[in-house]
Amino acid sequence: MRGMSVSASLDESSVVVEPGGEAELPVQVLNSGTTVEECRFEVVGPCADWTTVEPETLSLYPGATGAAIVKLRPPRSPRTAPGEIPLGLRVVPTSEHSETTVLERGVTVRPFTEVTSELVPRGSNSAWRGRHKVAVDNRGNTPLPVALSARGATERAKMAFEPTELTVPPGEAKFATLRVRPTQRLWRGTPITHPFQAVVTPRTGEGQDPYEPVVLDGTYEQQAILPRWLPRALAAAVLVAALLVGLWYALLRPTVRSAAREAITPQAVESAVKQGDKESGGVQDGQQGGGRQGASGGGGQEGGQDGGSTGPGGGRSRAPSDGSHAEPGEPGGPAAPTSARVQVRDAVGGGAAERTAYTVPDGKSFELTDIVVQNPQGDAGTLVISSDDGQLLNLALENFRDSDYHFVTPIQVAAKGKVTISVSCREVGRPVKAPAPSQCSESLFLGGKISATKSNG
C-alpha cells in the first residue's frame, strides 16, 4: 500500500509458527518523497500481544529503502488458538504530509498437545476395594480425547475405569474413577499389597505427532476382613466371663446359699410339719365323709357298701377299717420332715471336740438326705461327721467355707442312733474386717425325714 511519500510491503511467503516457538516476517519501507521521513511500526489484531517489530522505527532519506523484521512468538498456552490468525501492521510516518500505511496478512499457528495426569490417592487400603481418582489436565490448545486403561503387576486384583474415555477442552481438567477389586477375600492375616499402573493415552489428530502415554503408579493394600483386635477382644470377653463366674462362685453363690440355709430353722420345719398334718387330716376327713355319704346313698355300688369314695379317675380310695387315719411319722403314715442344727467350738491343740447333732427317738427311723457344714471363720483342721454305722464325712476345714451334700438314696439311721460331729482345730481362722476369734467354730445342719418303725406284731 502507498501513502503520499511512504510505501511498505510484507513478505508474501507463508508463515507457520509453533506455540512456544518463533517466526520472522520481513517488511520493506520506501521513501519516495523529497524530504527525510521517519516512520514507526504498530502491530494490530489478535497477534498484537505476542508480535514485535525490530527496529521499532525507521528514518529514510528521500528515495531510500529500509527493512524491518516482524517477529512472531505465540506462547505455548491453551489460550493460543490454532489455525489462521490475521496479522495487521501499521506504518505510521511522523511527517504531517504522509499518510499511515496498513499492511494485512494471515499467520498459521499450529496446534499442540500437552497433557498431565495425577492419581489421587496414590495408595488406598480397604478390606473390600480400592477407590482412586485420575485427573487429566489438558494444557494444549485443542480439545483432547484420551483413553484410560489400567494394568496390574499380578492377577490377584482387577481394575476398571469409569468412564474409559474422556474429551478434555483446552485449559480444563476432567476426572475418572478407578476401582481396584481383589480376586479373593482376605479374612485374616497380614495385608496384601497390589501394585498397579493407570495409563492415560492421548489421541492426537491427523498431522500431529503421537503423544507418549502418561503412566501413573499406584498401590492398593488389601486388609483382612476380620480386624486384628478381634481375637484379643474375644479372649478378653472370655476372661471377663470367667471372672464373673468366679465372682459368682466365690462371693454371691455362698451368700445366697447361706441365706437359704439360715431360713431352714427347726421352727420353720416344725411349722411346715404341722401345716402338712392339717392338710393331710382335712383330706382324709373329706374322704371319710364322702364314704359315709356313699354308704347312705344306697345306690347299690360297691363303693357305698364298703365306705369307699369314688375319686376323679373313677377309682376308689379306702379309709382304714377302724375309721382312724395314720399321722405323719406313724406306722403306715407318710414320713415327716425333720432337721437339726449344732455348733461346735474347739481351741487349738485342745483335742477333738465332739457333739451330738441328732439322736433318733425310740421307735423311729431317720432318713438323712441333706448335710450342710459351715466354716465361717476359715479355720484349719479336721471335721468328721459320723453315725452309729461309722464315718459319713471326713473333711479338711481349710478346703471350704460352706459345703453341702444331698443324697438321692437316704442314709438310714436306726432308732436311738446318733449323728455326731467332731472337730480338731489346728489353726483358728480370722474373718475379714472382724476381731480375731479365740476358738475354731463350725456348724452342722442335718435334714431328712423321720418315720415310725413298723412292729413285727
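**Figure 1. Arg203 and its salt bridge to Glu165.** In this predicted model, Arg203 is partly exposed, with a relative accessibility of 44%. Its side chain meets that of Glu165 in a salt bridge, with N and O 3.0 Å apart. Arg203 sits in the loop between strand E17 (192–202) and strand E18 (214–222), and Glu165 belongs to strand E15 (residues 165–168), so the pair ties together parts of the chain that are 38 residues apart in sequence. Glu165 is partly exposed as well, at 46% relative accessibility.

**Figure 2. The salt bridge between Glu162 and Arg179.** The closest N and O atoms of Glu162 and Arg179 are 3.0 Å apart, and the two residues form a salt bridge. The pair links distant parts of the chain: Glu162 is in strand E14 (residues 157–162) and Arg179 is in strand E16 (residues 173–182), 17 residues apart. Glu162 has a relative accessible area of 51% and counts as exposed because the cut-off is over 50%. Arg179, with 24%, is partly exposed.

Figure 3. The side chains of Arg40 and Glu42 meet in a salt bridge, 3.3 Å from N to O. Arg40 is partly exposed at 36% relative accessibility, and Glu42 is also partly exposed, with a relative accessible area of 26%. Through salt bridges that share partners, Arg40, Glu42 and Arg90 are joined into one network. The count of salt bridges in the structure comes to ten.

**Figure 4. The disulfide of Cys425 and Cys440.** The structure holds one disulfide. This disulfide joins Cys425 to Cys440, with an S to S distance of 1.8 Å. The link is right-handed, with 50° about the S-S bond. Distant parts of the chain are linked by the pair: Cys425 lies in strand E27 (residues 418–427) and Cys440 in strand E28 (residues 440–452), 15 residues apart. Both Cys425 and Cys440 are buried.

**Figure 5. Two further cysteines, Cys39 and Cys47.** Cys39 has a relative accessible area of 2% and is therefore buried, the cut-off being under 20%. Cys47 is buried too, with a relative accessible area of 0%.

**Figure 6. Surroundings of Thr80.** Thr80 is located in the loop between strand E7 (65–72) and strand E8 (83–93). Its relative accessibility is 7%, so Thr80 counts as buried. A polar atom of the Thr80 side chain lies 2.8 Å from the backbone oxygen of Pro75. Apart from neighbours within four places in sequence, the residues in contact with Thr80 are Pro19, Pro74, Pro75, Val109 and Asn141.

**Figure 7. Glu118 in strand E10.** Glu118 has its place in strand E10 (residues 115–120). With 47% relative accessibility, Glu118 counts as partly exposed. When neighbours within four places in sequence are set aside, Glu118 is in contact with Lys133, Val134, Ala135 and Leu216. The C-alpha atoms of Glu118 and Ala198 are 9.6 Å apart in space, while the two residues are 80 residues apart in sequence.

**Figure 8. A nonpolar surface patch around Leu244.** Val240, Leu244, Leu247 and Leu251 form a nonpolar patch on the surface. Together these four residues have about 360 Å² of accessible area. Leu244 is part of helix H1 (residues 229–263). With a relative accessible area of 55%, Leu244 is exposed.

Note on methods. Residues numbered from 1 in each chain as written. Predicted model: local features only at pLDDT ≥ 70, side-chain atom pairs only at ≥ 80, totals over all residues. Heavy atoms only, no water. Helix = DSSP H or I, 4+ residues; strand = E, 2+ residues; numbered from the N terminus. Buried < 20%, exposed > 50% of the residue type's maximum accessible area, 1.4 Å probe, protein only. Polar contact = N/O pair within 3.5 Å; in protein donor to acceptor, adjacent residues only side chain to side chain. Contact = heavy atoms within 4.5 Å. Disulfide = S-S within 2.5 Å. Patch = residues over 30% accessible without salt bridge, like charges linked within 9 Å, V, L, I, M, F, W, Y side chains within 5 Å. Areas by Shrake-Rupley, 256 points an atom, 1.4 Å probe, with all protein chains shown as cover.
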